[in-house]
Amino acid sequence: AALCAHICAACDALELTGLMTIGRIGDTTRECFDRLAAARDAVSEGMRGSRAGGTFSELSMGMSADFRTAVQCGSTSVRVGSTIFGKREYPAKPGQALAESGKAPVPAKEASQAPSRGVASADAKSWLGLDLSVGGALATAMGVSFCIKLLLTNTHHSTDLEVHRNWFALTYSLPPSEWYFDSTSQWTLDYPPLFALFQCALAPLAALFDPGMLAVQAAPYLTAEAKTFMRLSAITTDVVLALGVWLCVGAGSREKAREVAGAWSVLLLVGFNAGLLLID
């Protein structure tokens, strides 16, 4: 009560609204919570007439294991992080339990790093039952994206499908000196040379699906085989994006926060990117 009175009298920038409490370790009985509630009421009574007298009503007590009893005893705020995110695991102290294991002591620096990495992986993999390590998220994102794109193969196509078919034909059938000058089709090649070389490298694979798609012609050309090849080429090259994201977001990081954030980045940028799902 004296501390609360001091805060109200001397700390104008603080607004005192109640108490945050914790009972005795291992004591989850109703009696314990009743005593904490009584303490809040006693302090509140002593605050009458003070700056916080009208707002001092909050009582934070109760955690994951006992919050129901705490609410019954008057708690207005509970702390249930373990229920939501999983049980917290603390890294073992250097040298702890070495007698039982028979292992040599681990240097302090290594001991402080190795357990935290294990905690990161365990926490990341346990949330909502999903493997949210960076590697797990990468595999999940690519798998989901691959399946969705396969389902969309015969559902739609855009003008870009004919554009890229013509570019496959140009780079496969004509010498490089004519790639940027041929105007047989209205969809002339206007991407940088590196992309043209990339299409030229893929063109022989296109011939295995449908040789007719590699003919330079003005009329559009679209068969189920040609569409399948171009969809598969887009799906396959997504691996490059996925690996880039994986390398940029802390792959193999020892920090839990960075590992989980990296996993979500992989999922959002690769697995749930609408543009990548719809692209021809």
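What is the strand order of the open sheet of three strands, and is the pairing parallel or antiparallel? The order is 1-2-3 and the pairing is parallel, where two strands count as paired if DSSP finds at least two bridges between them. The model is a predicted one, in which local features need pLDDT of at least 70 and side-chain atom pairs count only at pLDDT 80 or more, whereas totals for chains, interfaces and linings use all residues. Residues are numbered from 1 along each chain as its sequence is written, and side-chain values use heavy atoms, with hydrogens and water left out.

Helices (H or I, at least four residues) and strands (E, at least two) are DSSP runs, numbered from the N terminus. Strand 1 (18-20) and strand 3 (77-79) are the edge strands, each pairing on one side only, and the twist averages 25 degrees from one strand to the next. Strand 2 (residues 58-63) pairs with strand 3 in the parallel sense over two bridges, and Met63 has Arg79 in strand 3 as its bridge partner. Helix 2 (residues 30-46) packs on this sheet and touches strand 1 and strand 2, its direction making about 165 degrees with that of strand 2; contact here means heavy atoms within 4.5 Å, and axes are lines fitted to C-alpha atoms, for helices over the stretch in contact, with angles running from 0 to 180 degrees between N-to-C directions.

**Helix 1**

Buried means under 20% relative accessible area, exposed over 50%, and partly exposed in between, with a 1.4 Å probe and protein chains only. In helix 1 (residues 2-10), Cys4, Ile7 and Cys8 are buried. These residues lie on the same side of helix 1, because they cover an arc of only 95 degrees around the axis, the arc being that of the directions from the helix axis to the C-beta atoms. Ala2, Leu3 and Ala9, on the other side of helix 1, are exposed, while the buried residues pack against strand 1 and helix 2.

**Cysteines**

A disulfide is a pair of cysteine sulfur atoms within 2.5 Å, and by this rule the count is zero. For Cys73, the closest cysteine sulfur is that of Cys32, at 9.1 Å, too far for a bond.

| Residue | Relative accessible area | Class |
|---|---|---|
| Cys73 | 10% | buried |
| Cys200 | 28% | partly exposed |

**Annotated region**

An unreviewed UniProt entry lists residues 191-209, 229-249 and 261-279 as "transmembrane region"; such annotations may be inferred rather than shown by experiment. Over residues 191-209 the model is 89% helix and 0% strand, with the end C-alpha atoms 24 Å apart.
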